[in-house]
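Reader: I am new to this structure. Please take me through one part of it closely, the surroundings of the ligand, and then show how that part sits in the rest of the chain.

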Amino acid sequence: EARALDALRDRPPVTRDGVAVVLAANIGSVADAEKAREAGAMGVGLFRTEFLFLDRADLPGEEEQLAAYSRVLELFPGHDVIIRTLDIGGDKPARGIQVPREDNPFLGLRGIRLCLARPEVFRIQLRALLRAAPRGRLMVMLPMVADVHEIRETRAMIAQARAELVAEGLAHGDFALGIMVETPAAVFCAEDLAAEADFFSIGTNDLTQYVMAADRTNPGVAGLCRADNPAVLAAIARATAAATAAGKLTGVCGEAAGDPALIPFLLRAGVRELSMSPAALPRARRAVLDLSVSG
Ligand code: PEP
Ligand code: MG
(Lines give C-alpha, C1' and ligand atoms only; values in the text may rest on other atoms or scores of the structure.)
(Ligands and ions follow the chains in the order given, each with its own letter.)
Protein backbone atom coordinates (compact mmCIF):
# COMPACT_ATOMS: atom_id res chain seq x y z
CA GLU A 1 0.00 0.00 0.00
CA ALA A 2 2.82 2.40 0.88
CA ARG A 3 4.14 2.20 -2.67
CA ALA A 4 0.72 2.82 -4.23
CA LEU A 5 0.24 5.88 -2.01
CA ASP A 6 3.74 7.10 -2.84
CA ALA A 7 2.90 7.04 -6.55
CA LEU A 8 0.12 9.59 -5.92
CA ARG A 9 2.37 11.96 -4.00
CA ASP A 10 2.71 14.55 -6.75
CA ARG A 11 -0.91 14.44 -7.93
CA PRO A 12 -2.73 17.67 -7.01
CA PRO A 13 -5.69 16.77 -4.76
CA VAL A 14 -8.62 17.33 -7.12
CA THR A 15 -11.76 15.17 -7.09
CA ARG A 16 -12.91 13.20 -10.14
CA ASP A 17 -15.39 15.97 -10.88
CA GLY A 18 -12.81 18.73 -10.63
CA VAL A 19 -13.18 20.08 -7.09
CA ALA A 20 -9.78 21.31 -5.86
CA VAL A 21 -9.02 20.64 -2.21
CA VAL A 22 -6.23 22.02 -0.03
CA LEU A 23 -4.47 19.34 2.02
CA ALA A 24 -2.63 21.14 4.80
CA ALA A 25 -0.83 20.11 7.96
CA ASN A 26 -1.44 20.45 11.68
CA ILE A 27 1.78 21.44 13.44
CA GLY A 28 2.92 22.39 16.94
CA SER A 29 6.44 23.62 16.25
CA VAL A 30 8.90 24.78 13.61
CA ALA A 31 10.33 21.22 13.51
CA ASP A 32 6.84 19.88 12.72
CA ALA A 33 6.55 22.44 9.91
CA GLU A 34 9.73 21.10 8.31
CA LYS A 35 8.35 17.54 8.46
CA ALA A 36 5.03 18.72 7.06
CA ARG A 37 6.76 20.28 4.09
CA GLU A 38 8.64 17.06 3.37
CA ALA A 39 5.32 15.18 3.55
CA GLY A 40 3.93 17.39 0.77
CA ALA A 41 1.56 19.56 2.80
CA MET A 42 0.03 22.51 0.90
CA GLY A 43 0.54 24.91 3.77
CA VAL A 44 -0.47 24.83 7.41
CA GLY A 45 -4.12 24.58 8.46
CA LEU A 46 -3.45 24.63 12.18
CA PHE A 47 -0.36 25.81 14.05
CA ARG A 48 -1.10 25.05 17.71
CA THR A 49 0.89 27.94 19.21
CA GLU A 50 0.23 26.79 22.79
CA PHE A 51 3.15 24.39 22.37
CA LEU A 52 5.45 27.45 22.50
CA PHE A 53 4.00 28.12 25.97
CA LEU A 54 4.03 24.60 27.49
CA ASP A 55 6.79 22.92 29.51
CA ARG A 56 8.37 26.15 30.70
CA ALA A 57 7.94 28.51 33.65
CA ASP A 58 8.17 31.76 31.66
CA LEU A 59 6.31 33.01 28.59
CA PRO A 60 7.78 33.25 25.09
CA GLY A 61 8.47 36.91 24.34
CA GLU A 62 7.49 38.88 21.24
CA GLU A 63 10.82 38.31 19.47
CA GLU A 64 10.75 34.57 20.15
CA GLN A 65 7.20 34.29 18.82
CA LEU A 66 8.04 36.47 15.81
CA ALA A 67 10.96 34.17 14.94
CA ALA A 68 8.81 31.01 15.15
CA TYR A 69 5.91 32.41 13.11
CA SER A 70 8.25 33.90 10.50
CA ARG A 71 10.12 30.61 10.09
CA VAL A 72 6.90 28.66 9.48
CA LEU A 73 5.68 31.24 6.95
CA GLU A 74 9.02 31.10 5.13
CA LEU A 75 8.80 27.30 4.90
CA PHE A 76 5.54 27.60 2.91
CA PRO A 77 5.94 30.37 0.33
CA GLY A 78 2.81 30.74 -1.80
CA HIS A 79 0.67 28.72 0.63
CA ASP A 80 -1.72 29.78 3.36
CA VAL A 81 -0.42 29.34 6.89
CA ILE A 82 -3.14 29.39 9.56
CA ILE A 83 -1.79 30.21 12.99
CA ARG A 84 -4.15 29.62 15.89
CA THR A 85 -3.90 32.01 18.80
CA LEU A 86 -3.10 30.57 22.20
CA ASP A 87 -5.41 27.70 23.21
CA ILE A 88 -4.40 27.21 26.83
CA GLY A 89 -6.77 25.78 29.42
CA GLY A 90 -8.94 22.68 29.42
CA ASP A 91 -6.49 19.79 29.20
CA LYS A 92 -3.59 22.14 28.32
CA PRO A 93 -2.31 24.11 31.33
CA ALA A 94 0.71 26.45 30.93
CA ARG A 95 2.83 27.14 33.98
CA GLY A 96 3.52 30.69 32.85
CA ILE A 97 -0.18 31.63 32.92
CA GLN A 98 -2.07 31.30 36.18
CA VAL A 99 -5.67 30.14 35.89
CA PRO A 100 -7.81 29.75 39.03
CA ARG A 101 -8.62 26.10 39.83
CA GLU A 102 -11.73 25.03 37.95
CA ASP A 103 -14.15 22.16 38.55
CA ASN A 104 -14.78 21.86 34.79
CA PRO A 105 -11.69 23.01 32.87
CA PHE A 106 -13.19 22.05 29.49
CA LEU A 107 -16.05 24.46 30.25
CA GLY A 108 -13.81 27.06 31.81
CA LEU A 109 -11.44 29.90 31.04
CA ARG A 110 -9.74 28.44 27.97
CA GLY A 111 -8.87 29.44 24.41
CA ILE A 112 -10.06 32.89 23.35
CA ARG A 113 -11.74 33.38 26.75
CA LEU A 114 -8.40 33.17 28.51
CA CYS A 115 -6.69 35.43 25.94
CA LEU A 116 -9.31 38.15 26.37
CA ALA A 117 -9.04 37.80 30.17
CA ARG A 118 -5.22 38.21 29.95
CA PRO A 119 -4.82 41.04 27.42
CA GLU A 120 -1.18 41.56 28.44
CA VAL A 121 -0.40 38.01 27.19
CA PHE A 122 -2.65 38.20 24.09
CA ARG A 123 -1.23 41.60 23.07
CA ILE A 124 2.28 40.18 22.70
CA GLN A 125 1.04 37.37 20.47
CA LEU A 126 -0.99 39.75 18.28
CA ARG A 127 2.01 42.06 17.89
CA ALA A 128 4.23 39.11 16.91
CA LEU A 129 1.62 37.93 14.36
CA LEU A 130 1.29 41.40 12.79
CA ARG A 131 5.07 41.64 12.56
CA ALA A 132 5.36 38.15 10.99
CA ALA A 133 2.63 38.80 8.39
CA PRO A 134 4.90 40.24 5.64
CA ARG A 135 6.85 36.93 5.58
CA GLY A 136 4.13 34.95 3.81
CA ARG A 137 0.41 34.30 3.49
CA LEU A 138 -0.63 34.49 7.12
CA MET A 139 -4.13 33.74 8.37
CA VAL A 140 -4.97 33.79 12.08
CA MET A 141 -7.77 31.94 13.85
CA LEU A 142 -9.30 32.05 17.30
CA PRO A 143 -10.02 28.88 19.31
CA MET A 144 -13.18 28.13 21.31
CA VAL A 145 -15.26 31.01 19.95
CA ALA A 146 -18.80 30.97 21.38
CA ASP A 147 -20.03 34.53 20.77
CA VAL A 148 -19.50 37.35 18.26
CA HIS A 149 -18.19 39.68 20.96
CA GLU A 150 -15.02 37.56 21.05
CA ILE A 151 -14.28 38.40 17.40
CA ARG A 152 -15.09 42.08 17.95
CA GLU A 153 -12.87 42.38 21.04
CA THR A 154 -10.03 40.65 19.22
CA ARG A 155 -10.35 42.98 16.21
CA ALA A 156 -10.19 45.95 18.59
CA MET A 157 -7.02 44.54 20.19
CA ILE A 158 -5.49 43.97 16.75
CA ALA A 159 -6.22 47.59 15.79
CA GLN A 160 -4.58 48.73 19.02
CA ALA A 161 -1.51 46.54 18.46
CA ARG A 162 -1.20 47.84 14.89
CA ALA A 163 -1.35 51.43 16.11
CA GLU A 164 1.45 50.68 18.58
CA LEU A 165 3.64 49.18 15.83
CA VAL A 166 3.03 52.21 13.61
CA ALA A 167 3.99 54.55 16.46
CA GLU A 168 7.12 52.48 17.13
CA GLY A 169 8.07 52.40 13.43
CA LEU A 170 8.14 48.56 13.37
CA ALA A 171 7.45 46.75 10.08
CA HIS A 172 4.21 44.77 10.05
CA GLY A 173 1.47 43.45 7.77
CA ASP A 174 -2.08 42.24 7.87
CA PHE A 175 -3.88 38.90 8.09
CA ALA A 176 -7.32 37.39 7.61
CA LEU A 177 -9.01 36.62 10.93
CA GLY A 178 -11.04 33.42 11.18
CA ILE A 179 -12.50 31.31 13.92
CA MET A 180 -12.52 27.71 14.95
CA VAL A 181 -16.00 26.21 15.05
CA GLU A 182 -15.77 23.84 18.00
CA THR A 183 -18.58 24.84 20.35
CA PRO A 184 -22.30 24.16 19.81
CA ALA A 185 -22.83 27.92 20.29
CA ALA A 186 -20.67 28.64 17.26
CA VAL A 187 -22.78 26.22 15.20
CA PHE A 188 -26.08 27.72 16.34
CA CYS A 189 -24.93 31.29 15.64
CA ALA A 190 -22.84 30.38 12.58
CA GLU A 191 -24.61 32.97 10.39
CA ASP A 192 -23.71 35.82 12.76
CA LEU A 193 -20.14 34.56 13.13
CA ALA A 194 -19.72 34.10 9.36
CA ALA A 195 -20.68 37.76 8.91
CA GLU A 196 -17.72 38.83 11.08
CA ALA A 197 -15.08 36.14 10.58
CA ASP A 198 -13.03 35.87 7.38
CA PHE A 199 -13.09 32.03 7.41
CA PHE A 200 -14.14 29.00 9.46
CA SER A 201 -12.07 26.02 10.52
CA ILE A 202 -14.04 23.27 12.20
CA GLY A 203 -12.31 21.68 15.18
CA THR A 204 -14.04 18.34 15.15
CA ASN A 205 -12.22 17.06 18.25
CA ASP A 206 -13.74 19.62 20.59
CA LEU A 207 -16.94 20.00 18.57
CA THR A 208 -17.54 16.28 19.04
CA GLN A 209 -16.96 16.37 22.79
CA TYR A 210 -19.24 19.39 23.27
CA VAL A 211 -22.03 18.26 20.92
CA MET A 212 -22.05 14.77 22.44
CA ALA A 213 -21.38 15.94 26.03
CA ALA A 214 -18.66 13.26 26.07
CA ASP A 215 -15.18 14.13 27.44
CA ARG A 216 -12.64 13.57 24.65
CA THR A 217 -10.10 12.25 27.19
CA ASN A 218 -12.44 9.78 28.94
CA PRO A 219 -12.20 6.24 27.48
CA GLY A 220 -15.45 5.35 29.24
CA VAL A 221 -17.42 7.51 26.78
CA ALA A 222 -15.26 6.95 23.69
CA GLY A 223 -18.17 5.17 21.99
CA LEU A 224 -20.15 8.41 22.05
CA CYS A 225 -17.24 10.76 21.39
CA ARG A 226 -17.13 10.10 17.65
CA ALA A 227 -17.07 12.66 14.85
CA ASP A 228 -19.17 10.34 12.66
CA ASN A 229 -22.15 10.52 15.02
CA PRO A 230 -25.12 11.96 13.09
CA ALA A 231 -25.40 14.84 15.59
CA VAL A 232 -21.82 15.92 14.92
CA LEU A 233 -22.22 15.54 11.17
CA ALA A 234 -25.32 17.75 11.30
CA ALA A 235 -23.34 20.39 13.21
CA ILE A 236 -20.54 20.29 10.62
CA ALA A 237 -23.01 20.58 7.73
CA ARG A 238 -24.84 23.50 9.30
CA ALA A 239 -21.67 25.52 10.05
CA THR A 240 -20.25 24.89 6.58
CA ALA A 241 -23.51 25.91 4.88
CA ALA A 242 -23.59 29.18 6.85
CA ALA A 243 -20.03 30.05 5.86
CA THR A 244 -20.58 29.10 2.23
CA ALA A 245 -23.72 31.26 2.07
CA ALA A 246 -21.67 34.19 3.38
CA GLY A 247 -18.95 33.55 0.80
CA LYS A 248 -16.42 32.40 3.41
CA LEU A 249 -14.20 29.34 3.16
CA THR A 250 -14.53 26.41 5.55
CA GLY A 251 -11.75 24.03 6.51
CA VAL A 252 -11.61 21.20 9.00
CA CYS A 253 -8.62 20.79 11.31
CA GLY A 254 -9.80 18.13 13.79
CA GLU A 255 -8.97 14.42 13.43
CA ALA A 256 -11.95 13.93 11.10
CA ALA A 257 -10.11 15.90 8.37
CA GLY A 258 -7.64 13.05 7.90
CA ASP A 259 -10.20 10.22 8.07
CA PRO A 260 -10.80 8.79 4.55
CA ALA A 261 -14.20 7.52 5.73
CA LEU A 262 -15.35 11.07 6.54
CA ILE A 263 -13.72 13.02 3.71
CA PRO A 264 -16.60 12.36 1.24
CA PHE A 265 -19.11 13.78 3.72
CA LEU A 266 -16.94 16.82 4.47
CA LEU A 267 -16.36 17.73 0.82
CA ARG A 268 -20.02 17.23 -0.08
CA ALA A 269 -20.94 19.55 2.80
CA GLY A 270 -18.77 22.25 1.20
CA VAL A 271 -15.48 21.93 3.08
CA ARG A 272 -12.54 22.78 0.79
CA GLU A 273 -9.52 22.60 3.08
CA LEU A 274 -8.49 19.61 5.20
CA SER A 275 -5.72 19.96 7.75
CA MET A 276 -4.25 16.92 9.47
CA SER A 277 -1.15 15.34 10.93
CA PRO A 278 1.40 14.91 8.12
CA ALA A 279 1.19 11.11 8.42
CA ALA A 280 -2.47 11.20 7.36
CA LEU A 281 -1.83 13.16 4.13
CA PRO A 282 -1.21 10.27 1.68
CA ARG A 283 -4.47 8.46 2.49
CA ALA A 284 -6.42 11.71 2.48
CA ARG A 285 -5.02 12.49 -0.97
CA ARG A 286 -6.18 9.13 -2.27
CA ALA A 287 -9.65 9.68 -0.76
CA VAL A 288 -9.92 13.04 -2.57
CA LEU A 289 -8.69 11.62 -5.90
CA ASP A 290 -11.19 8.72 -5.67
CA LEU A 291 -14.20 10.92 -4.90
CA SER A 292 -16.83 12.56 -7.02
CA VAL A 293 -18.40 15.31 -4.92
CA SER A 294 -21.53 15.58 -7.05
CA GLY A 295 -22.12 11.88 -7.50
C1 PEP B 1 -10.11 20.44 17.65
O2 PEP B 1 -10.62 20.71 18.73
O3 PEP B 1 -10.66 19.72 16.79
C4 PEP B 1 -8.78 20.96 17.30
C5 PEP B 1 -8.29 20.83 16.08
O6 PEP B 1 -8.05 21.57 18.27
P7 PEP B 1 -7.37 20.82 19.49
O8 PEP B 1 -7.36 19.34 19.18
O9 PEP B 1 -6.00 21.42 19.59
O10 PEP B 1 -8.26 21.18 20.63
MG1 MG C 1 -9.95 22.31 20.00
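Author: One definition comes first: a residue is buried if 20 or more other C-beta atoms lie within 10 Å of its own. Keep in mind that this is a predicted model.

Start at ligand 1. Its surroundings are L46, R48, D87, E182, G203, T204, N205, D206, C253 and G254. By class, that shell has 2 nonpolar, 4 polar and 4 charged residues. Two elements, strand 2 (44-48) and helix 9 (204-212), each supply at least two residues of the shell. Helix 9 gives the largest share, 3 residues.

An unreviewed UniProt entry annotates E182 and D206 as "binding site". They are spread over 25 residues of sequence, yet they cluster in space, with a largest C-alpha distance of 5.4 Å.

E182 is found in the loop between strand 5 (176-181) and helix 7 (184-188). E182 has 29 other C-beta atoms within 10 Å, so it is buried. Setting aside neighbours within four places in sequence, E182 is in contact with M144, G203, D206 and L207.

D206 is found in helix 9. D206 counts as buried because it has 22 C-beta neighbours inside 10 Å.

The largest nonpolar core has 87 residues, and V44, L129, I179 and A239 have the most contacts inside it. Helix 5 (residues 119-132) brings the largest share of this core, 7 residues. Look at L129: not counting residues up to four places away in sequence, L129 touches Y69, I83, L138, V140 and F175. In soluble globular proteins, nonpolar side chains tend to be buried together.

Helix 12 (residues 281-290) has buried residues too: L281, P282, A284, R285, A287 and V288. Their cover includes helix 1 (2-7), strand 1 (22-27), helix 11 (263-269) and strand 8 (273-276).

Finally, step back to the whole chain. Its secondary structure comes to 12 helices and 8 strands. Buried residues make up 44% of the 295 residues. Of the contacts with a separation of 6 or more, 68% join residues 24 or more positions apart. The C-alpha atoms fill a box of roughly 55 × 40 × 35 Å along the principal axes. A compact globule of 295 residues would have a radius of gyration near 19 Å, and the chain agrees, at 19 Å.

Key. Residues are numbered from 1 along each chain as its sequence is written. Chains are lettered from A and ligands numbered from 1 in the order in which they are written. This is a predicted model: local features need pLDDT of at least 70, side-chain atom pairs count only at pLDDT 80 or more; totals for chains, interfaces and linings use all residues. A residue is near a molecule or strand if its C-beta atom, placed from the backbone, lies within 6 Å of it. Helices (H or I, at least four residues) and strands (E, at least two) are DSSP runs, numbered from the N terminus. Ala, Val, Leu, Ile, Met, Phe, Trp, Tyr, Cys and Pro count as nonpolar, Asp, Glu, Lys and Arg as charged, and the others, Gly among them, as polar. The radius of gyration is taken over C-alpha atoms; the globule rule is 2.2 Å times the number of residues to the power 0.38. A residue is buried if 20 or more other C-beta atoms lie within 10 Å of its own, exposed if 12 or fewer, and partly exposed in between; C-beta atoms are placed from the backbone. Two residues are in contact if their C-beta atoms, placed from the backbone, lie within 7 Å. A nonpolar core is a set of buried Ala, Val, Leu, Ile, Met, Phe, Trp, Tyr and Cys residues joined through C-beta atoms within 7 Å. UniProt positions are given in the numbering used here, feature names are shortened, and annotations may be inferred rather than shown by experiment.
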